[in-house]
Amino acid sequence: AAKRKAWLDQARGHVTEWNKIVAALPATEKPMWPSRLCHELTEILPKDAVVISDTGYSAQWSGNMIGIRQPQQTYHRAAGSLGWSFPASLGAKCGAPDKPVVVFTGDGGFYYHAMELETARRWGINVVVVLNNNGGLAQGQRTINAAYGNRAGRKQELYAFGKFSFESF
């Protein structure tokens, strides 16, 4: 550490600046922004929690805005397989049954393996699901719009979901 003091000071400065940026993100507006989900989760995350994140925007938001503040906390994210996070959280809970496991995902990713709710119930696998319900596969929207432009058609059917409440689960 003594040999790298300048580098460590610079890295700490970057972290401090980043934390200021994240702290300034919307945290109280409705509809709720992902920054608020991440802020609230950071504040209540148990000291030994395991956080599992989906890929795409979920990974970008959680990886940049959830503060892993304790050495016993762990963070794992999918590296390209949308929908991985929920079944992975069940596996993490089975592997570490005494630790709280939190999964951070979007509605699109969750839909891939929502049927695993039955597995979790049947086997008594309890995880906390933080679900960003934005009504679609938001990360795909930009690419689809770029490909299809203003052409007539129903391109929104490729990425938009109908209104759905996950509260019943």
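Along the sequence, the protein chain of this predicted model follows the pattern α-α-β-α-β-α-β-α-α-β-α. The secondary structure comes to 7 helices and 4 strands. Along the principal axes, the C-alpha atoms fill a box of roughly 60 × 45 × 30 Å. The chain has 169 residues, and buried residues make up 31% of them. Contacts between residues at least 6 apart in sequence were also examined; 71% of these join residues at least 24 apart.

The 4 strands form an open sheet. Their order is β2-β1-β3-β4, and the pairing is parallel. The edge strands are β2 (74-77) and β4 (128-132), each of which pairs on one side only. From one strand to the next, the twist averages 15°.

Strand β1 spans residues 50-53 and pairs with β2 in the parallel sense over 4 bridges. Within this pairing, valine 51 stands opposite tyrosine 75 in β2. Serine 53 stands opposite arginine 77, also in β2. Strand β1 also pairs with β3, again in the parallel sense and over 4 bridges. Here, the bridge partner of isoleucine 52 is valine 103 in β3. Both faces of β1 are covered. Val50 and Ile52 lie on one side, Val51 and Ser53 on the other, and all are buried.

Helix α3 (residues 57-65) touches β1, β2, β3 (101-106) and β4. The direction of α3 makes about 130° with that of β3. Together, β1, α3 and β2 make a right-handed β-α-β unit. Helix α4 (residues 85-95) lies across β1, β3 and β4. Helix α4 runs at about 175° to β3.

Helix α2 covers residues 34-44. Its buried residues are Pro34, Ser35, Leu37, Cys38, Leu41 and Thr42. These residues cover an arc of only 160° around the axis, and therefore lie on the same side of α2. The buried residues of α2 pack against α3, β3 and β4.

The structure holds 2 aromatic pairs. One is formed by tyrosine 57 and tryptophan 61. This pair is stacked, at 5.2 Å centre to centre and with 25° between the planes. Both residues belong to helix α3. Because they are 4 residues apart in that helix, about one helical turn separates them. An α-helix has 3.6 residues a turn, so residues three or four places apart point the same way. Tyrosine 57 has a relative accessible area of 26%, so this residue counts as partly exposed.

The other pair joins phenylalanine 86 and phenylalanine 110. The ring centres are 5.1 Å apart. The planes stand at 55°, so the pair is tilted. Tyrosine 57, by contrast, is partly exposed.

Definitions and conventions. Residues are numbered from 1 along each chain as its sequence is written. This is a predicted model: local features need pLDDT of at least 70, side-chain atom pairs count only at pLDDT 80 or more; totals for chains, interfaces and linings use all residues. Side-chain values use heavy atoms; hydrogens and water are left out. Two strands pair if DSSP finds at least two bridges between them. Helices (H or I, at least four residues) and strands (E, at least two) are DSSP runs, numbered from the N terminus. Axes are lines fitted to C-alpha atoms, for helices over the stretch in contact, and angles run from 0 to 180 degrees between N-to-C directions. Contact means heavy atoms within 4.5 Å. Buried means under 20% relative accessible area, exposed over 50%, partly exposed in between (1.4 Å probe, protein chains only). A crossover is right-handed if, with the strands pointing away from the viewer, the path from the first strand over the helix to the second runs clockwise. The arc is that of the directions from the helix axis to the C-beta atoms. Rings of Phe, Tyr and Trp (its six-membered ring) pair if their centres lie within 6.5 Å; planes under 30 degrees apart count as stacked, over 60 as edge-to-face and the rest as tilted.
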